[in-house]
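Reader: I would like a close look at a single part of this model, with the pairing of its strands set out step by step. Please keep to what can be read from the coordinates.

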Amino acid sequence: MYNRGNTTVEMATFPSFRKLSGVLLGVTIGLTLVTICVVIFTTDQHGVRFVSSIVNTVNSQAVHPREVQNLSNDPHEDVQKSWGQYMSGNVKFEDLHLHKDDDAISKALYQKERVLCWIMTSPKNRDVKARVVRDTWSRRCNKVLFMSSVTDPKFPTIGLNVSEGRQHLTAKTMQAFRYIYENHFDDADWFMKADDDTYVILENLRYFLTSQNKSEPVFFGHHFKVIVKQGYYSGGGGYVLSKEALRRYGEKGRDPKLCSRDGGSEDAVFGKCMENLGVRTANSTDALGRSRFHCFSPEAHLFGGYPNWYYKYDANGAKKGTESISDYAISFHYVPPQKMHALEFYIYHLQPYGIVSGTQELNRKAEVKPGTQEVNRHA
C-alpha cells in the first residue's frame with residue numbers, strides 16, 4: 001500500500017510539476033527570443049546607418065562641397081566622421097608582389113620628368129588628411145613637402161611664418177614657393193602645388209609633361225577664365241610650375257607690385273603674380289579635348305550638378321560625363337581620406353582579368369607656327 005500510495009502521490013503531483021516546468025521553460029524561451037531580437041534590431045540599425053552613411057558620402061560628392069558643408073543636422077554626420085577617421089588610418093596596400101604589371105615606362109618617366117609636390121596643410125589636418133596623402137599618391141612624387149604653420153620633424157611638416165586660415169592661404173602659397181626656390185630648385189624639373197584633399201595620378205602628370213618644356217615660362221592646371229586676363233588655375237585642383245616659372249618667381253616674386261604677399265583668393269592672386277612675371281597659362285586638355293585637371297571630385301565631373309558660378313569660371317565649358325574626362329586624368333579635388341584610399345585601390349589594384357590595357361597617345365601635337373620658331377601647343 002505504501003508503494004502504491006507513494007505511487008499514487010507521485011502520480012498526483014506530476015501534473016503540477018509538469019505545469020511548473022512548462023512555465024519555466026516558456027519564460028526561458030521568451031527571454032531568449034527577446035534578447036535575440038534586441039541584438040538583431042541593434043545590429044540591423046547600425047548596419048542601416050553604416051550603409052546609409054556610405055550612400056550619403058557618395059551622393060554628397062555630386063553637389064558642390066560648399067553646399068554640402070552648409071548642410072546641418074545631418075543624422076549621418078557622426079557616423080561619416082567616425083568611418084572616415086577609421087578608414088584614414090587602417091588601409092594597407094602591401095600586396096604589390098601579387099601584381100605582374102609592366103611599369104617600365106612609368107619608371108623611365110619617373111627619372112625623366114622629376115616632379116616636386118608640395119602639399120598645403122595645417123596642424124588640424126595633419127593626422128587625418130595630410131597623413132593619407134603622405135601614405136597614398138604623394139609617394140610617387142620625386143620629392144614631397146608638406147607646408148604648414150607648425151614644423152613637425154616626425155611627420156614631417158615645414159612650418160612657414162604664416163597664420164592659419166583661408167584669409168592667409170595666399171601668404172602660405174607665396175612662402176612655400178619661396179622656400180622651394182631657395183632650398184629645392186635643383187631637385188626637380190616641375191613643381192606642383194596641391195591641397196591635402198587633392199588626389200593626383202603622377203604617372204598621368206608625367207606623361208602630360210613629356211609634351212612640355214621645363215625651360216618655358218608656363219604653368220598648368222584646371223583653367224578658370226575670369227579675374228586674371230589670361231585666366232588662372234584652381235588651387236584645389238592643383239597646378240604645376242615649370243622650372244623657368246619657379247625661377248622667375250624666385251628672382252622677382254618679392255616685388256609686391258608683381259606678387260601680393262597675402263590676402264584675396266590664393267589661386268587667383270597667384271595667377272595674377274604669374275601673369276605679371278610673364279609666365280603663361282596653357283591648354284592641358286588631351287588630344288580629344290578632354291579635361292585632365294579637375295577642381296571637383298570624380299563624381300561631380302561625371303554627373304554634373306555644378307554650382308552656378310562654375311559655368312562662368314570654367315574655361316572649357318563646364319562639361320560632364322565620361323566623354324569629357326581624359327583617360328589620363330591627372331587630378332581631382334574635394335577627396336576625403338576614405339575616398340583617397342578608394343581611388344588608390346581602384347586605380348592601382350583593382351584589375352579585370354583578361355583585359356590588358358595598352359598605352360594611348362593623348363598628348364596634343366606640338367606645331368611650329370609658319371615662319372617662326374614658336375611652338376604652338378594649343379591646337
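Which residue in β3 is the bridge partner of Ser 148?

Author: The model is a predicted one. The bridge partner of Ser 148 in β3 is Gly 159. Strand β3 covers residues 158–159 and runs parallel to β2, to which two bridges join it.

Within it, Ile 119 has Phe 146 of β2 as its bridge partner.

One of the residues involved is Cys 117, whose bridge partner in β4 is Met 192. Helix α7 (residues 202–209) packs on the sheet, where it touches β1, β4, β6 (218–221) and β9 (239–242). The direction of α7 makes about 130° with that of β1. A further helix, α9 (residues 266–276), lies across β4, β6 and β9, and runs at about 20° to β9.

Taken as a whole, the sheet is open and has seven strands, in the order β3-β2-β1-β4-β9-β6-β10, with mixed pairing. The edges are held by β3 and β10 (280–281); each has a single partner strand, so one side of each is left without a neighbour in the sheet.

Ala 194 gives a view from inside β4, the strand of residues 190–195. Its relative accessibility is 0%, so Ala 194 counts as buried. Leaving aside residues up to four places away in sequence, Ala 194 touches Trp 118, Ile 119, Met 120, Trp 137 and Gly 238. One of these contacts, Ile 119, is the residue that bridges to Phe 146 in β2. Thr 121 is 73 residues from Ala 194 in sequence, yet the two C-alpha atoms are 9.3 Å apart in space.

Asp 286 is buried, with a relative accessible area of 0%. A polar atom of the Asp 286 side chain lies 2.9 Å from the backbone nitrogen of Arg 290. With residues up to four places away in sequence not counted, Asp 286 touches Arg 292, Ser 326, Asp 327, Leu 362 and Arg 364.

Key:
Residues numbered from 1 in each chain as written. Predicted model: local features only at pLDDT ≥ 70, side-chain atom pairs only at ≥ 80, totals over all residues. Heavy atoms only, no water. Helix = DSSP H or I, 4+ residues; strand = E, 2+ residues; numbered from the N terminus. Buried < 20%, exposed > 50% of the residue type's maximum accessible area, 1.4 Å probe, protein only. Contact = heavy atoms within 4.5 Å. Pairing = 2+ DSSP bridges. Axes fitted to C-alpha atoms, helices over the stretch in contact; angles between N-to-C directions. Polar contact = N/O pair within 3.5 Å; in protein donor to acceptor, adjacent residues only side chain to side chain.
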